[in-house]
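Hi,

Here is the complex I promised to pass on to you. Have a look at it first, and then read on for what turned up in it.

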Amino acid sequence: MVKIMEKTEIAPNVHSCTVEAPDIARKALPGQFVIIIPDQYSERTPMTIADWDVKKGTVTFIFLEIGASTQKLAELKQGDDLYSFTGPLGKPMEIKKFGTVALIGGCYGIGGIYPIARALKQAGNKIICFSEARAKFLLYWNDKLEEVSDEVRYSTVDNSIGFKGHAYDDIEENLKAGKKFDRIIAIGCTFMMYRVSEASRPFGIKTIVSMNTVMIDGTGMCGACRLVVGGKTKFACVDGPHFEGHKIDWDIILSRRKAYLKEEIISQER
Amino acid sequence: MREQPPGERIKNYDEVPYGYSPEEAVIEAERCLQCKNPKCIEGCPVEIDIKGFIEFIAEKKFKEGVTLLKEKNILPAICGRVCPQEEQCEIKCIVSIKNEPVAIGRLERFLADWERENEEIEIPSIPKYTGKKVAIVGAGPAGITAAADLIRLGHKVDIFEALHQPGGVLVYGIPEFRLPKAIVFKEIDFLKQMGVRLFTDSVIGMIKSVDELLNEYDAVFLGTGAGLPWFLEIPGENLNGIYSANEYLTRANLMKAYLFPKYKTPIIRGKRVATVGGGNIAMDCARTALRLGAEKSIIVYRRSRTEMPARDEEIHHAEEEGIIFKFLSNPAAFHGDKNNWVKEVECVQMKLGEPDDSGRRRPVPIPDANFRMPVDVVIIAIGNSPNPLVPSTTPDIQTGKWGNIITDPKTGKTSKPGVFAGGDVATGAATVISAMGAGKIAARGIHEYLVNET
């Protein structure tokens with residue numbers, strides 16, 4: 001069990017949650033994830049680590065209320081205990097000097113790209129973050145991103161701030177206009193990561209995505225998170241979560257993500 | 001032994017055999033000839049005094065029987081249920097020459113259940129602390145057996161478990177109707193009462209490396225168990241509705257998907273479920289599918305019944321429950337509907353050829369004899385590799401061709417000083433009892449190492 005030190009709704013339906021987990025804070029690296037079980041009935045739910053503080057011994061993650069287990073998590077308050085909290089899991093993101101790096105974040109991935117941007121900035125890269133949401137009031141951590149970036153570009157579907165449309169459209173326009181990136185990193189919903197990969201494919205820029213396939217144990221045992229990369233079966237929990245977007249078989253992933261839609265509705269009835 | 005009738009039990013998740021009453025146990029125990037030179041004990045990987053505990057049962061001295069049993073086996077309620085006694089102790093029983101062998105496993109289970117149901121479980125005395133500390137990685141059968149033996153030798157023992165519950169395959173893999181989880185947790189509680197400390201949610205290799213453990217502990221035992229499942233690598237295998245056995249069983253058992261939606265982890269409840277494979281795990285999957293409401297639960301196996309590696313008792317239970325066996329059938333492809341859900345499995349019809357390296361007759365395809373079966377869920381139960389997390393984060397530990405940790409079979413020693421291993425991570429997928437045997441061997445190896453080399 002770990003204690004919730006702070007929990008804030010940072011945008012409608014989007015929460016940041018900080019828990020006391022000193023051992024995980026000491027080991028966490030950019031791009032890794034944790035697995036959370038809010039109460040004994042909930043699913044094992046993977047969450048990208050968005051921040052950590054070694055001195056305070058805390059770990060922070062961002063989550064959206066989208067299913068029964070994340071609803072349960074949203075009901076918990078500061079001072080409550082999480083039933084289970086395991087990490088850090090997965091291989092960390094490769095951090096070195098590439099040159100100019102574009103980081104695209106949507107949904108929970110805005111928090112997900114933050115520690116990666118911070119580490120890449122420290123490694124001497126020029127950082128351009130693309131933060132996207134449907135509307136301005138759904139964006140979060142703008143100040144934190146701006147602090148670690150040379151430029152933060154916003155895109156909103158309703159045109160309330162920044163580029164009108166999606167971040168994948170924005171980066172595609174940038175690429176077509178001749179803007180040079182040495183590496184592209186995208187974290188967020190599957191469709192967004194797919195579209196970013198397709199946008200950068202013609203330009204041959206290495207594009208790393210953080211795969212959020214369904215996981216159960218998350219420790220290299222059950223095989224639920226399998227995906228096909230470069231024609232080979234890989235497992236997001238131990239081989240990933242980061243893979244080259246241009247090598248992923250996206251059709252399989254996009255259809256496998258819909259496998260439990262019916263059950264998800266049933267499990268939310270109370 | 002009395003059992004739940006097949007028609008009843010496929011509608012629930014309760015244990016199938018009821019267990020002996022004291023009267024039944026005494027009658028069975030009286031069948032033992034009390035041989036001067038008992039062969040059964042030679043067959044037991046953990047050297048239980050079988051003759052001795054059976055004599056106590058025959059004399060109705062159940063408490064003395066339990067004490068004797070637990071001298072060698074700290075987890076009798078589990079072993080009595082899942083050990084393959086028919087290949088170990090019972091096969092050696094002299095009575096079996098003319099009659100059914102003495103039901104050693106059932107008597108073992110009887111004593112363990114009797115103790116649990118009838119009185120406070122007695123905690124054995126622990127010798128004076130030796131000053132040595134051992135870290136056990138993985139709270140599965142290998143790890144808990146090693147822990148039990150080491151704490152009784154006076155060492156301090158901490159267990160690190162990756163999942164949120166201890167038990168390993170006993171909890172995530174073996175279904176409730178074969179091994180009730182309450183029994184596993186009770187046996188692990190017994191370890192804790194003896195002084196073993198258990199840390200769940202602790203993935204060694206990630207939160208702490210093996211080298212970091214060696215800074216805090218005098219020795220480390222790796223019992224990290226099974227790893228990633230093997231797939232058939234045939235077309236259509238990533239369609240929706242196709243599970244690995246590990247995923248299917250973990251959802252059903254550890255995450256309690258059979259109680260969905262009270263428990264929130266879903267599982268697809270197929271009407272026509274095909275399980276590919278012929279081992280105990282395949283039987284567990286097919287029988288779980290029935291209990292989750294399958295109208296037809298089909299085992300698809302490429303050889304014949306004779307070559308099936310599953311225990312006879314498991315095959316027998318599966319047959320009684322109405323599992324359909326498609327022998328000599330090897331999947332070649334899965335076909336899906338327009339929404340990418342599996343709807344058919346295409347199989348190659350096989351025949352048996354010459355024996356292969358394993359001594360079993362090799363299945364050979366019959367040309368142009370492919371056939372298709374309608375299915376809505378498929379479970380691939382053809383085995384798995386050892387867990388990759390510790391080997392991949394411990395570069396100086398020597399591993400074999402399958403990523404298994406190489407050990408000395410007599411001591412459990414690995415190539416890394418102070419580090420021992422046993423169970424599936426060393427041997428590849430095997431049985432609970434062989435993992436427990438390996439835990440016992442390693443405990444002895446660790447004890448010698450602690451006494452002589454630290």
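A definition before the findings: a nonpolar core here is a set of buried Ala, Val, Leu, Ile, Met, Phe, Trp, Tyr and Cys residues joined through C-beta atoms within 7 Å. Please keep in mind that this is a predicted model.

With that in hand, the largest nonpolar core has 224 residues. The residues with the most contacts inside this core are Val34(A) and Leu103(A) from chain A, together with Ala147(B), Phe221(B), Val378(B) and Ile379(B) from chain B. Helix α17 of chain B, residues 432–453, gives the most to this core, supplying eleven residues. As background, nonpolar side chains in soluble globular proteins tend to be buried together.

On confidence, chain B averages a pLDDT of 93, and 100% of its residues score at least 70. For the complex, the predictor gives an ipTM of 0.93 and a pTM of 0.93.

Now to the two chains together. How many residues of chain B are in contact with chain A? There are 31 of them, and they meet 34 residues of chain A. On the chain B side, β5 (226–229) and α12 (245–254) each supply at least two of the residues that touch chain A. By class, that side of chain B has 16 nonpolar, ten polar and five charged residues.

Chain A has eight helices and 16 strands. Its radius of gyration is 18 Å, which agrees with the value near 18 Å that a compact globule of 270 residues would have. The C-alpha trace of chain A spans about 50 × 40 × 35 Å along its principal axes, and 53% of the 270 residues count as buried. Among contacts in chain A between residues at least 6 apart in sequence, 64% join residues at least 24 apart.

Chain B is assigned domain 1 (6–118), domain 2 (133–227 + 385–453) and domain 3 (231–382). The C-alpha centres of domain 2 and domain 3 of chain B lie 30 Å apart. Their contact takes ten residues from domain 2 of chain B and eight from domain 3 of chain B. On the domain 2 side, these residues divide into six nonpolar, two polar and two charged.

Enjoy exploring it!

Best wishes

Key
Residues are numbered from 1 along each chain as its sequence is written. Chains are lettered from A and ligands numbered from 1 in the order in which they are written. This is a predicted model: local features need pLDDT of at least 70, side-chain atom pairs count only at pLDDT 80 or more; totals for chains, interfaces and linings use all residues. pLDDT is the predictor's confidence in each residue, from 0 to 100. Two residues are in contact if their C-beta atoms, placed from the backbone, lie within 7 Å. Helices (H or I, at least four residues) and strands (E, at least two) are DSSP runs, numbered from the N terminus. Ala, Val, Leu, Ile, Met, Phe, Trp, Tyr, Cys and Pro count as nonpolar, Asp, Glu, Lys and Arg as charged, and the others, Gly among them, as polar. The radius of gyration is taken over C-alpha atoms; the globule rule is 2.2 Å times the number of residues to the power 0.38. A residue is buried if 20 or more other C-beta atoms lie within 10 Å of its own, exposed if 12 or fewer, and partly exposed in between; C-beta atoms are placed from the backbone. Domain bounds come from an automatic or database domain assignment.
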